Amino acid sequence: MSRIIVTGINGFVGKHLVAELKLRGCTVIGVSREAQTHPSISNSVDEYYACDLINPEEVSKLPLSDIDGVINLAGFANVGASFGQENLYMKVNVGVLSIIGEEIVR
């Protein structure tokens, strides 16, 4: 059974993705900044971690050693708002993957 981490799991896409992953027999590990999973998916998520993904110390506490994949749905989606805030958008939308990748390699 595949173990998949889904970041931003409480968002619109995450809620739908959980259902599909469960249909495929995956173990779903949810990650989001909220204290708990959204009530609509709480019974489908096998493990849940509240984590600020731009904080390497918090990311180091995630169970990244025995996973088969990471689906990153965390980040900013408003393209218009990104103009003038390029560094912030890059840090949140792309830099997160670098932090997670570094932890997986360890």
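In this predicted model, Asp46 counts as partly exposed, at 42% relative accessibility. Its salt-bridge partner is Lys22, and the closest N and O atoms of the two are 2.7 Å apart. Lys22 sits in helix 1, whereas Asp46 belongs to the loop between strand 2 and strand 3, so this pair ties together parts that are 24 residues apart in sequence. Lys22 is likewise partly exposed, because its relative accessible area of 30% falls between the limits of 20% and 50%.

The structure holds three salt bridges. Side chains of opposite charge can pair when their charged atoms come close. Arg3 and Glu47 form one of these bridges, with 3.2 Å between the closest N and O atoms. Arg3 is part of strand 1 and Glu47 is part of strand 3, so the bridge ties together parts that are 44 residues apart in sequence. Arg3 has a relative accessible area of 22% and is partly exposed. Glu47 is partly exposed too, with a value of 24%. Glu20 and Arg24 also meet through their side chains in a salt bridge, at 2.7 Å from N to O. Glu20 is partly exposed, with a relative accessible area of 34%. Arg24 reaches 62% relative accessibility and therefore counts as exposed.

The overall fold comprises four helices and four strands. Along the sequence, these elements follow the pattern β-α-β-β-α-β-α-α. The four strands form an open sheet in the order 3-2-1-4, and their pairing is parallel. Strand 3 (47–50) and strand 4 (69–72) are the edge strands, and each of them pairs on one side only. Neighbouring strands of the sheet are turned against each other by 20° on average, direction ignored. Strand 1, which spans residues 3–7, pairs with strand 4 in the parallel sense over four bridges. Thr7 stands opposite Asn72, a residue of strand 4.

The chain has 106 residues, and buried residues make up 33% of them. Among contacts between residues at least 6 apart in sequence, 53% join residues at least 24 apart.

Thr27 belongs to strand 2, which covers residues 27–32. Thr27 is buried, because its relative accessible area of 13% is under the 20% limit. Leaving out residues up to four places away in sequence, Thr27 touches Met1, Ser2, Arg3, Ile4 and Asp46. Two of these contacts lead back to the salt bridges: Arg3 is bonded in this way to Glu47, and Asp46 to Lys22.

Lys22 also features in the surroundings of Ser44. Ser44 is found in the loop between strand 2 and strand 3. With its neighbours within four places in sequence set aside, Ser44 is in contact with Val18, Lys22 and Val28. Ser44 and Lys22 are 22 residues apart in sequence, and their C-alpha atoms are 7.2 Å apart in space. Ser44 is partly exposed, with a relative accessible area of 26%.

Further loop positions were examined. Gly11 lies in the loop between strand 1 and helix 1 (12–23). At 28% relative accessibility, Gly11 counts as partly exposed. Gly11 and Thr37 are 26 residues apart along the chain, and 9.9 Å separates their C-alpha atoms. Leu73 is located in the loop between strand 4 and helix 3 (79–82). Leu73 has a relative accessible area of 31% and is partly exposed. Together with Phe12 and Val13, Leu73 forms a nonpolar patch on the surface. The accessible area of the three residues together is about 300 Å².

Technical notes
Residues numbered from 1 in each chain as written. Predicted model: local features only at pLDDT ≥ 70, side-chain atom pairs only at ≥ 80, totals over all residues. Heavy atoms only, no water. Helix = DSSP H or I, 4+ residues; strand = E, 2+ residues; numbered from the N terminus. Buried < 20%, exposed > 50% of the residue type's maximum accessible area, 1.4 Å probe, protein only. Contact = heavy atoms within 4.5 Å. Pairing = 2+ DSSP bridges. Axes fitted to C-alpha atoms, helices over the stretch in contact; angles between N-to-C directions. Patch = residues over 30% accessible without salt bridge, like charges linked within 9 Å, V, L, I, M, F, W, Y side chains within 5 Å. Areas by Shrake-Rupley, 256 points an atom, 1.4 Å probe, with all protein chains shown as cover. Salt bridge = Lys/Arg side-chain N within 4 Å of Asp/Glu carboxyl O.
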